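Take the sequence and structure first.

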Amino acid sequence: MSGHPADGLRSHAAALRERADRLRGACAGLDWRGPQAEAFRARVEELAQRCATAADGLSRSAARLDGRG
């Protein structure tokens, strides 16, 4: 991480987005059908969306620190 706090926030945001993408990708690759599979996929999507939402918040905070928000 860089010495500027905004850079650290951007780095964490990128990591969260990457994890959200990996969660979605891993789930999409499952060969599993049925109600439990659908419930699992819904839960994974919820977790991935929470990661993406947190990443958006970190990005907004970084922009504010840079004087752009």
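The dialogue below goes through ring pairing, a surface patch and one arginine.

Q: What kind of model is this, and how are residues numbered?
A: The model is predicted: local features need pLDDT of at least 70, side-chain atom pairs count only at pLDDT 80 or more, and totals for chains, interfaces and linings use all residues. Residues are numbered from 1 along each chain as its sequence is written, and side-chain values use heavy atoms, with hydrogens and water left out.

Q: How is a pair of aromatic rings described?
A: By the distance of the centres and the angle of the planes. Rings of Phe, Tyr and Trp (its six-membered ring) pair if their centres lie within 6.5 Å; planes under 30 degrees apart are stacked, over 60 edge-to-face, the rest tilted. This structure holds one aromatic pair. The ring centres of Trp32 and Phe40 are 5.5 Å apart and the planes are at 50°, so the pair is tilted.

Q: Which residues make the nonpolar surface patch?
A: Nonpolar side chains (Val, Leu, Ile, Met, Phe, Trp, Tyr) are joined within 5 Å, like charges within 9 Å. Areas come from the Shrake-Rupley method with a 1.4 Å probe; for residues, only the protein chains shown count as cover. Here Leu30, Trp32 and Phe40 make a patch of about 260 Å².

Q: Is Arg41 buried or exposed?
A: Buried means under 20% relative accessible area, exposed over 50%, partly exposed in between (1.4 Å probe, protein chains only). Arg41 has 18% relative accessibility, so Arg41 counts as buried. Leu30, at 34%, is partly exposed.

Q: What does Arg41 touch?
A: Contact means heavy atoms within 4.5 Å. Not counting residues up to four places away in sequence, Arg41 touches Cys27, Leu30, Trp32 and Arg33.

Notes. Patch = residues over 30% accessible without salt bridge, like charges linked within 9 Å, V, L, I, M, F, W, Y side chains within 5 Å. Salt bridge = Lys/Arg side-chain N within 4 Å of Asp/Glu carboxyl O.
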